[in-house]
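Reader: I have a new structure to look at. Can you walk me through it?

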Amino acid sequence: DSLVYDFFALAKELKELELNSVVMKIEGTDPESGRTVAMYDLTPSGRKLEALMVQMATWGQLHRERLQQ
């Protein structure tokens, strides 16, 4: 099932980003269900990559549009 694969791929990427201090994991409890939830936020080092990531996303969108023409 591709959804299960996508979940594990995302988990692996997040763990790698966490190990490299790009993101930090924040655990909490969902007030409605009582379940433990995890959220991620950029570290100060990760925030330095924000402008680059936005530029890459913009390039990717424009590139995809050109390929579809």
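Author: Start with a term: helices (H or I, at least four residues) and strands (E, at least two) are DSSP runs, numbered from the N terminus. This is a predicted model, where local features need pLDDT of at least 70, side-chain atom pairs count only at pLDDT 80 or more, and totals for chains, interfaces and linings use all residues. Residues are numbered from 1 along each chain as its sequence is written, and side-chain values use heavy atoms, with hydrogens and water left out.

Reader: OK. What follows α1?

Author: S21 comes after α1 and has a positive phi, near 60°.

Reader: And how many residues does α1 have?

Author: Helix α1 covers residues 2-19, which is 18 residues. From first C-alpha to last it reaches 25 Å, close to the expected 26 Å; the expected span is 1.5 Å times one less than the number of residues.

Reader: S2 is in there. Buried or exposed?

Author: S2, which lies in helix α1, counts as exposed because its relative accessibility is 52%. The cut-offs are under 20% relative accessible area for buried, over 50% for exposed and partly exposed in between, with a 1.4 Å probe and protein chains only.

Reader: F7 and then F8: buried or exposed?

Author: F7 is exposed at 55% relative accessibility, and F8 is exposed at 54%.

Reader: Switching to strands. In which sense do β1 and β2 pair?

Author: Antiparallel: β1 (residues 23-29) and β2 (residues 36-42) pair over 7 bridges. Pairing takes at least two bridges found by DSSP between two strands.

Reader: Which residues are bridge partners in β2?

Author: Among them, A38 is the partner of E27, and L42 is the partner of V23.

Reader: What sits between the strands?

Author: β1 and β2 form a hairpin with 6 residues between them. In the turn, G34 has a positive phi of about 80°.

Reader: Last one. Where is L49?

Author: L49 is in the loop between α2 (44-47) and α3 (50-68). L49 counts as partly exposed because its relative accessible area is 35%.
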